[in-house]
Structure formats: C-alpha cells, structure tokens
Amino acid sequence: MTVEASFIITWTIFIFVFLIYLSFYSYDKCVLFQDSYAVCFRGSIQKQENNIVPYISTHMKEQYGRKYFATSEVRGSVNRSGNIADVIGECQVKVPIRSIFTMYDKHGWQIRTRARAQIINPTHIIRKSRWIGHIID
C-alpha cells in the first residue's frame, strides 16, 4: 500500500505542476498577443507614416512590461510592408523539467505571436469624410 501511494502521490504532484505551467503558458501567450497587437495598432494610427516603425520600436518594451509568469525576456520585432505593420513577440516559458517530459521539442515551450494592423491616417479619413459630406449637402 505504501509503495502504491508513493507512486500515486508523485504522479498527482507531477500532473498538478504540469497543469500550473500549462496555465502559465496559456496566460503568457494571450497577454503576449494582446500586447503585440496593442502596440502595433497604436503605431498604425500615427499621423506621420514614416514614424510608425520607430514609434513601435520605442514603445514595445514599455508595452510588454513585467507581467509575464515564468518566462525568459520578451523580445519583439517590427516589420512594415506597404500599408501593413507586423509585430512579432517571442518569449519562452521556463519549465523546470526536461523537454522530454513536457511533450515539446528541444526549444522548450517557446511562445511566438504575430500581430498585424493596417496603417491608416485617421485625420486624413475624417477630413475626407467631412469633404464628402459637404459635397452631398
């Protein structure tokens, strides 16, 4: 009975710890996407279109902050192609056991999200809408 209980308790603790780290992974993935999209969207509505990439790059660290659980440093990169801005956020959940037991490859529990926003100039859109409204009236 004691031997069986030692196996059951060991596996129960292992499963609980695994579920806790799985919830850290899920939380971090959601927050990383949310932060990446927020900074991407704020950059995409800048008045000067040549200021978008520098704006996103300077505010990325501030947006990511220190709100992630059990992760390595969050890294981000920004790319602009035409009128689309892309922000890619990456981090890795630090799992205390080897990756053999966690069902992931040798890189561990790496999180990578990609947020995309269309670049628009709100001032230009509002002025154009008012101009069309004056023509219709």
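Six aromatic pairs turn up in this predicted model, where rings of Phe, Tyr and Trp (its six-membered ring) pair if their centres lie within 6.5 Å, with planes under 30 degrees apart called stacked, over 60 edge-to-face and the rest tilted. Take Tyr 21 and Phe 24 to begin with: their ring centres are 5.6 Å apart and their planes stand at 80°, so this pair is edge-to-face. Both belong to helix H1 (residues 2-44), and because they are three residues apart there, about one helical turn separates them. Helices (H or I, at least four residues) and strands (E, at least two) are DSSP runs, numbered from the N terminus. Tyr 21 is buried at 19% relative accessibility, while Phe 24 is partly exposed at 24%; buried means under 20% relative accessible area, exposed over 50% and partly exposed in between (1.4 Å probe, protein chains only).

Further along we meet Phe 33 and Tyr 37, whose ring centres are 6.5 Å apart with planes at 20°, so they are stacked. These two are four residues apart in helix H1, again about one helical turn. Phe 33 is partly exposed at 39%, and Tyr 37 is partly exposed at 36%. Ring pairs also build a cluster, joining Tyr 21, Phe 24, Tyr 27 and Phe 69.

A word on the ground rules: residues are numbered from 1 along each chain as its sequence is written, and side-chain values use heavy atoms, leaving out hydrogens and water. Since the model is predicted, local features need pLDDT of at least 70 and side-chain atom pairs count only at pLDDT 80 or more, whereas totals for chains, interfaces and linings use all residues.

Leaving aside residues up to four places away in sequence, Val 87 touches residues including Val 39, Ile 56, Tyr 64 and Ala 115, contact meaning heavy atoms within 4.5 Å.

Finally, look at Asp 86 in strand S2, which is buried with a relative accessible area of 6%. Its side chain makes polar contacts with the side chains of Arg 114 (3.2 Å) and Arg 116 (2.9 Å). A polar contact is a pair of N or O atoms within 3.5 Å; within protein, one must be able to donate a hydrogen and the other to accept it, and residues adjacent in sequence count only if both atoms are side-chain atoms.
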